[in-house]
Amino acid sequence: MAERRQGDNTTDRTELLWSRTPLEADVESRFGGDDPAVLRAAFDTCGGAVYAYGRRMLPSNEDAEDLAQQVFVSAWRQRHQYDPTRASLLTWLLGIARYKAIDRLRRLERERRPIVDDPRPDVDDEATRTADRLLVAEALNWLRPEQQHVLELAFYDDLTHQQIAEKLGMPLGTVKSHARRGLQRLRRFLEPESLTQ
């Protein structure tokens, strides 16, 4: 594939759309408009994953159901901010869900906290780590395969660039380039403005 010219986002946008199903791509392309039918289609496409995420993060089915509803209401109100070239609709919705789940866990913790300070660790820490792991895992799926493989070896196997180059039989410069570009794309997916509350 030809190298992307400086300032040309065409390649990145095309790459983002490669792994989307036709239904997902259609819903994502229409989500920023004013057709309320697309909200139902978005819920049909992503609602199960948002609910499952809420079920992992929150203590009850009711909390997870409330979270899913809040996420889709919030997303619909802010639909004009969604950019399908920056992240999948599911990634964007999970970003919203992350913030809302953490807010809910904080409220629950405050309700349980006695008047005197309790030395127990905050529930926020584990919730935040879990949410971050899920978001990073989702974002990794949007990388090109070679970028994803290099970053997984670096993060999960704790290998250096040199060790990755030897393991994959790649030049060291190529490994560094894949790592750098992969991290840049991950950063874009996880920037706060792309994962709006």
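# Salt bridges, rings and surface of a predicted chain

In this predicted model, salt bridges link Asp26, Arg30 and Asp35 into a network.

User: Which residue forms a salt bridge with aspartate 26, and in which helix do both lie?

Analyst: The closest N and O atoms of aspartate 26 and arginine 30 are 3.3 Å apart, and the two form a salt bridge. They are 4 residues apart, about one turn of the helix. The partner is arginine 30, and the helix that holds both is H2.

User: Is arginine 30 buried, partly exposed or exposed?

Analyst: Buried means under 20% relative accessible area and exposed means over 50%, with partly exposed in between. Arginine 30 has a relative accessible area of 33%. Because that value falls in between, arginine 30 is partly exposed.

User: Which residue of the network forms a salt bridge with arginine 30 at 3.5 Å, and what is its relative accessible area?

Analyst: The network is made of Asp26, Arg30 and Asp35. Between arginine 30 and aspartate 35 the closest N and O atoms are 3.5 Å apart. Aspartate 35 is partly exposed. The residue is aspartate 35, with a relative accessible area of 38%.

User: How many salt bridges does the chain have?

Analyst: One of them joins aspartate 44 to arginine 40, with the closest N and O atoms 3.2 Å apart. Both of these residues lie in helix H3, 4 residues apart, and both are exposed. The count for the chain comes to 6 salt bridges.

User: How many aromatic pairs are there, and which geometry does the pair of phenylalanine 31 and tyrosine 82 have?

Analyst: The count comes to 5 aromatic pairs. In the pair of phenylalanine 31 and tyrosine 82, the ring centres are 6.1 Å apart and the planes stand at 90 degrees. Planes over 60 degrees apart count as edge-to-face. The geometry of this pair is therefore edge-to-face.

User: How many residues apart are phenylalanine 31 and tyrosine 82?

Analyst: Phenylalanine 31 is in the loop between helix H2 (22-30) and helix H3 (37-57). Tyrosine 82 is in the loop between helix H4 (61-77) and helix H5 (89-112). The pair links distant parts of the chain, and its residues are 51 residues apart.

User: Are phenylalanine 31 and tyrosine 82 buried or exposed?

Analyst: The limit for buried is under 20% relative accessible area. Phenylalanine 31 has a value of 0%, and tyrosine 82 has 7%. Because these values are under the limit, phenylalanine 31 and tyrosine 82 are buried.

User: Which helices do phenylalanine 43 and phenylalanine 72 tie together?

Analyst: Phenylalanine 43 and phenylalanine 72 form an edge-to-face pair, 5.0 Å centre to centre with 70 degrees between the planes. The two residues are 29 residues apart in sequence. Phenylalanine 43 is partly exposed at 35% relative accessibility, whereas phenylalanine 72 is buried at 5%. Their helices are H3 for phenylalanine 43 and H4 for phenylalanine 72.

User: Which residue has its charged end over the ring of tryptophan 76?

Analyst: Trp76 belongs to a cluster that ring pairs form with Phe31, Tyr82 and Trp92. The charged end over the ring of tryptophan 76 is 4.0 Å from the ring centre. That charged end belongs to arginine 79.

User: Which residue lies under arginine 98, and at what distance is its ring centre?

Analyst: Arginine 98 lies over the face of a tyrosine ring. The residue is tyrosine 99, and the distance from its ring centre is 5.4 Å.

User: Which residues make the nonpolar surface patch, and what is its area?

Analyst: One of the residues is Leu183, found in helix H9 (residues 172-190). Leucine 183 is partly exposed, with a relative accessible area of 32%. The patch is made by Phe155, Tyr156 and Leu183, and its area is about 330 Å².

User: How many helices and strands does the chain have, and what share of its residues is buried?

Analyst: From the N terminus on, the elements run α-α-α-α-α-α-α-α-α. The chain has 9 helices and 0 strands. Of its 197 residues, the buried share is 39%.

User: What share of the accessible surface belongs to carbon and sulfur atoms?

Analyst: The accessible surface of the chain comes to about 11400 Å². Carbon and sulfur atoms hold a share of 51%.

Conventions: Residues are numbered from 1 along each chain as its sequence is written. This is a predicted model: local features need pLDDT of at least 70, side-chain atom pairs count only at pLDDT 80 or more; totals for chains, interfaces and linings use all residues. Side-chain values use heavy atoms; hydrogens and water are left out. Patches are made of residues with over 30% relative accessible area and no salt bridge: like charges are joined within 9 Å, nonpolar side chains (Val, Leu, Ile, Met, Phe, Trp, Tyr) within 5 Å. Accessible areas come from the Shrake-Rupley method with a 1.4 Å probe; for residues, only the protein chains shown count as cover. A salt bridge is a side-chain nitrogen of Lys or Arg within 4 Å of a carboxyl oxygen of Asp or Glu. Buried means under 20% relative accessible area, exposed over 50%, partly exposed in between (1.4 Å probe, protein chains only). Rings of Phe, Tyr and Trp (its six-membered ring) pair if their centres lie within 6.5 Å; planes under 30 degrees apart count as stacked, over 60 as edge-to-face and the rest as tilted. A charge sits over a ring if NZ of Lys or CZ of Arg is within 6 Å of the ring centre and within 35 degrees of the ring normal.
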